[in-house]
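Here's a quick briefing to read alongside the model. Have the viewer open and follow along by topic.

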Amino acid sequence: DGCGHTVLGPESGTLASINYPQTSPNSTVCEWEIRVKPGQRVQLKFGDFDIDDSDSCHSSYLRVHNGIGPNRTEIGKYCGFGFQMDGLITSKSNEVTVQFMSGIHTSGRGFLAAYSTTGKSDLITCLDIGSHFSEPEFNKYCPAGCVIPFADISGTIPHGYRDSSSLCMAGVHAGVVSNTLGGQINVVISKGIRYYEGSLANNVTSKVGPLSTSLFTFKTSGCYGTLGMESGVIPDSHITSSSILEWPNKTGQVNIWKPENARLKRIGPPWAAFISDEHQWLQIDLNKEKKITGIITTGSTLAEHYYYVSAYRILYSDDAQKWTVYREPGMGKDKIFQGNTELYQEVRNNFIPPIVARFFRINPLKWHQKIAMKVELLGCQFSIGRAPKITLPAPPQNKNDKNADFMDDFIHSVKTSLQTDKTTFTPEIKNTMVTPSVTKDVTLAAVLVPVLVMVFTTLILILVCAWHWRNRRKKTEDTYDLPYWDRAGWWKGMKQFFPIKSAEHEETPVCYSSSEISHLRPREVPTMLQTESTEYAQPLVGGIVGTLHQRSTFKPEEGKEASYADLDPYNSPIQEVYHAYAKPLPVTGPEYATPIIMDVSSHPSPHLGAPSISTFKAAGNQASPLVGMCNKLLFRTDSASSAQALYDIPKGQPGPGSADRLVYQVPQSMAHPTVSMDE
């Protein structure tokens, strides 16, 4: 008479002393015999232990034995107030006996313990709550039997459960573990919310809860979408029933509560049976095999008709001829699902393991006034081939025929294993316990999000292309280019003038070494002639060492033809090279452009007496003097001893032999100091 809450499953279970968590009565005893599969061992974990030890465990104690019966051997004897036992108690065989003795005492809650096979190293008890664990994500094993009256949970899916809730009891409520089987849970800790809703699911009532610092949810396979009752994917012709309620109202109009009215959240009357007895059913054809993980039901949802179903069975079939009643693995009887307790509230029940079938039938067993309900199925597609299933009609239960009952269990276990072993689960998604109310929004978002991404991507590409085209056009407008008719010729004519070294500063006056000029041979300096008269003279490009850094817009003397043939001191064949002209200089800019910089480095120069040719214009007879400093120029000389330089002579000025100092003219807009240098 000392046994309290007890659920002994095939792989795990929960046991507690009588009246736990209140003080256990005096002079009571209870003994539990636990068996698991042969070849496995049992491990025991205490969630709470509070037994009077005033007489040193003589009259009040808990004793654990290896084995069952007279040949059992003692593992340990325990007592004490608030006794903390670290680790697990492990048996040596697949059988364990737990004995509780309560003597004369005035206090002591007794104990609560959980057991499982030894393969579950992460076993917890029904008393463990979310706030006991600090990891953001963790896995634990919940034993069977954690739906206990002295534990509370607050919250629901998909929003999450308050951190003060029992982990395993919340797992049963969420539909991730079975109360009769236990199972593994994957928990994710998140920031708490201000308000936690309450609901009824899997025979567990979740209460409304206040603000908390954290909450937890469960990672699942994600197979919890709606299968088409509410959305209308399942057509009316695929929803049938055993009977239909028809009745006239006060005005004489006939009301027909047809089976197609049994769509969850659909405004209007529900489906109702004409006769209320245990032989009525509502059948749904899913058109092909689906993986069914749960069901949601409501009552009539009409205040003037207070009808609902409070308990029902589930049957399923592949051909609508041979039906199988749903049972949990290892259970010897049909599972009875708790239905509604009033006509409005949605009540959810999950199938662990899931059902794989095309035809689904609900058989009401208990109801209020009349059989009336609205339904939605939860699950996902199932397209992977399976081994042939064993299906038999549900025979009448004969309680006296144990062999027939065992055969039914065996057939159901084989059928279930064939169904679940071949199931391909969808990838795990964090915190996705999706209820039917949000599935429709998820589907809509799956369509809209790609469309919006494509639209925004197109707009961004258009803007980038427009910006690039605008910059390219602006750059083209600001850049001087060669005329289309002269590009090929210019290239062929200029390939021989590629520089070896270029001046680092284009506007720096050039000082030529006399030793360099003295080494140049007349035949090495072809004369560039300009054959057409234009507004501006073409700059003279002399020698094979010329480097054209910038196209010139030098203006010739007024009244003279822009030809340089008369200035050529060499008797060399004339080679006509046409050069492109740059755009005219702006009105506000300088009259003359920057002179051409010619690199004569590393080449022999002519004799000092050879005349140089310049294209600078002399302003009247006055020249703007500029003397370059040879020792500071950037051009190399062949001899380190050569310190003299020869400057170009402006047009119309006397040769170098008639002047003591050579003057080098620059454009009028450039202000340079005048420096003199002796030859």
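Which residue does the side chain of Lys 258 meet in a salt bridge? The partner is Glu 260, at 3.6 Å from N to O; a salt bridge here is a side-chain nitrogen of Lys or Arg within 4 Å of a carboxyl oxygen of Asp or Glu. Bear in mind that this is a predicted model, where local features need pLDDT of at least 70 and side-chain atom pairs count only at pLDDT 80 or more, while totals for chains, interfaces and linings use all residues. Residues are numbered from 1 along each chain as its sequence is written, and side-chain values use heavy atoms, with hydrogens and water left out.

**Salt bridges**

- The structure holds 16 salt bridges.
- Lys 258 is partly exposed at 35% relative accessibility (buried is under 20% relative accessible area, exposed over 50%, partly exposed in between, with a 1.4 Å probe and protein chains only).
- Lys 265 pairs with Glu 346, with the closest N and O atoms 2.7 Å apart.
- Lys 265 sits in the loop between strand 20 (254–257) and strand 21 (271–272), and Glu 346 in the loop between strand 25 (337–338) and strand 26, so this pair ties together parts that are 81 residues apart in sequence. (Strands are DSSP runs of E, at least two residues; helices are runs of H or I, at least four; both are numbered from the N terminus.)
- Both ends are partly exposed: Lys 265 has a relative accessible area of 42% and Glu 346 has 33%.
- Asp 48 and Arg 109 make another salt bridge, at 2.9 Å from N to O.
- Since Asp 48 is in strand 4 (residues 42–50) and Arg 109 in the loop between strand 8 (95–102) and strand 9 (110–117), the pair ties together parts that are 61 residues apart in sequence.
- Asp 48 is buried at 14% relative accessible area, whereas Arg 109 is partly exposed at 30%.
- Glu 33, Arg 35 and Glu 95 are linked in a salt-bridge network.

- Five strands form an open, antiparallel sheet in the order 10-13-16-12-11 (two strands pair if DSSP finds at least two bridges between them).
- Strand 10 (137–142) and strand 11 (155–156) are the edges, each pairing on one side only.
- Helix 1 (residues 167–174) packs on this sheet and touches strands 10, 11, 12 (160–162), 13 and 16; contact means heavy atoms within 4.5 Å.
- Strand 13 (residues 183–191) and strand 16 (residues 214–218) are joined by five bridges, and Val 188 has Thr 217 as its bridge partner in strand 16.

**Nonpolar core**

- The largest nonpolar core has 27 residues, and Ile 295, Ile 314 and Phe 351 are among those with the most contacts inside it. (Such a core is a set of buried Ala, Val, Leu, Ile, Met, Phe, Trp, Tyr and Cys residues joined through side-chain atoms within 4.5 Å.)
- Strand 22 (282–298), strand 23 (308–317), strand 26 (347–368) and strand 27 (372–381) each supply at least two of its residues.

- Most residues other than glycine have a negative phi, and most peptide bonds are trans.
- The Tyr 20 to Pro 21 bond is cis, with omega near 10°, and Ile 157 to Pro 158 is also cis, with omega about 0°.
- Asn 202 has a positive phi of about 55° and is buried, at 13% relative accessible area.
- Asn 203 has a positive phi too, near 65°, and lies in the loop between strand 14 and strand 15.

Terms used: Axes are lines fitted to C-alpha atoms, for helices over the stretch in contact, and angles run from 0 to 180 degrees between N-to-C directions.
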